[in-house]
Amino acid sequence: MPSKSCVSKLIPLVGLVLAGLQSPLLAAELSTLFTTPQERQIINSNRYRSEEPEPVDEGKPEVTIELPTQPLAQEEVVQEYKISGITVSQDGPHSVWINSVIYEDGEQLEDSSQVRVLVGDEIRVRITAPDGKHYYATSGETLEISYLVTVQN
C-alpha cells in the first residue's frame with residue numbers, strides 16, 4: 001500500500017491529467033471571444049481590410065522593353081467550285097454536288113466554307129467563305145471564291 005505522501009503527490013497529478021482531458025472539449029466549443037462591440041468592430045475591420053499596395057520607389061524608373069511586333073501575314077486563297085446538281089427534299093436535308101462530292105445543306109467544305117441550299121423563286125447554293133463573304137450559284141455554274149487566311153511568319 002502506498003504511503004500517504006505518495007498519495008498526496010498523486011492527487012494533484014491526477015487532477016492535472018483530468019483537467020488536460022477536459023480542455024480539448026472546452027477549446028472545441030469556443031469560438032472567437034470578444035467582450036465589447038468596439039472590439040468586434042476592430043476584429044471585423046482587420047479581417048476585411050485589403051492590403052495596401054506597396055509604395056513605388058520613385059528613385060528607380062521602371063524600364064519597359066517593347067518588343068517589335070510583326071504584323072500577321074495573310075495569304076489569299078482562291079477556290080473553284082463546280083455546282084453539278086442540287087436536290088431539294090421534302091423529307092430530309094437538301095443536297096448539292098460540288099466538285100463531284102455530295103454535301104448536305106449546312107455542311108462545311110474542306111476549307112471550312114459553309115454550304116446552304118436556298119429554295120425560293122429559283123433554287124441556288126450559297127457558299128459562305130471562311131471570311132464571311134457569300135457566293136451564289138445555281139446548278140451547272142462554277143464559282144470562284146477568294147479569301148484571306150493568316151499564315152505563320
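Trainee: Where is the place of His-94?

Mentor: His-94 sits in the loop between β1 and β2, where strands (E, at least two residues) and helices (H or I, at least four) are DSSP runs numbered from the N terminus. Before we go on, note that this is a predicted model, in which local features need pLDDT of at least 70 and side-chain atom pairs count only at pLDDT 80 or more, while totals for chains, interfaces and linings use all residues. Residues are numbered from 1 along each chain as its sequence is written, and side-chain values use heavy atoms, with hydrogens and water left out.

Trainee: Is His-94 buried or exposed?

Mentor: His-94 counts as buried because its relative accessibility is 16%; buried means under 20% relative accessible area, exposed over 50%, and partly exposed in between, with a 1.4 Å probe and protein chains only.

Trainee: And what is His-94 in contact with?

Mentor: Leaving aside neighbours within four places in sequence, its contacts (heavy atoms within 4.5 Å) include Thr-87, Tyr-103, Asp-105 and Val-117. Ser-89 is also among them, and the backbone nitrogen of Ser-89 lies 3.0 Å from a polar atom of the His-94 side chain.

Trainee: Zooming out, how many helices and strands does the protein have?

Mentor: There are two helices and seven strands, and along the sequence they follow the pattern α-α-β-β-β-β-β-β-β.

Trainee: Which residues touch the most other members in the largest nonpolar core?

Mentor: That core has 17 residues, and those touching the most other members are Tyr-81, Ile-83, Val-96, Ile-98, Leu-109, Ile-127 and Ile-145. Strands supplying at least two residues each include β1 (73-87), β5 (124-128) and β7 (142-151). A nonpolar core here is a set of buried Ala, Val, Leu, Ile, Met, Phe, Trp, Tyr and Cys residues joined through side-chain atoms within 4.5 Å.

Trainee: What does Ile-145 touch?

Mentor: Not counting residues up to four places away in sequence, Ile-145 touches, among others, Val-77, Tyr-81, Ile-127 and Tyr-135.

Trainee: New topic: why does Ile-65 count as exposed?

Mentor: Ile-65 counts as exposed because its relative accessibility is 69%, and its place is in the loop between α2 (37-47) and β1.

Trainee: Last one, what is the phi of Asn-99?

Mentor: Asn-99 has a positive phi of about 50° although it is not a glycine, whereas most residues other than glycine have a negative phi. Asn-99 is found in the loop between β2 and β3 (101-104).

Methods. Polar contact = N/O pair within 3.5 Å; in protein donor to acceptor, adjacent residues only side chain to side chain.
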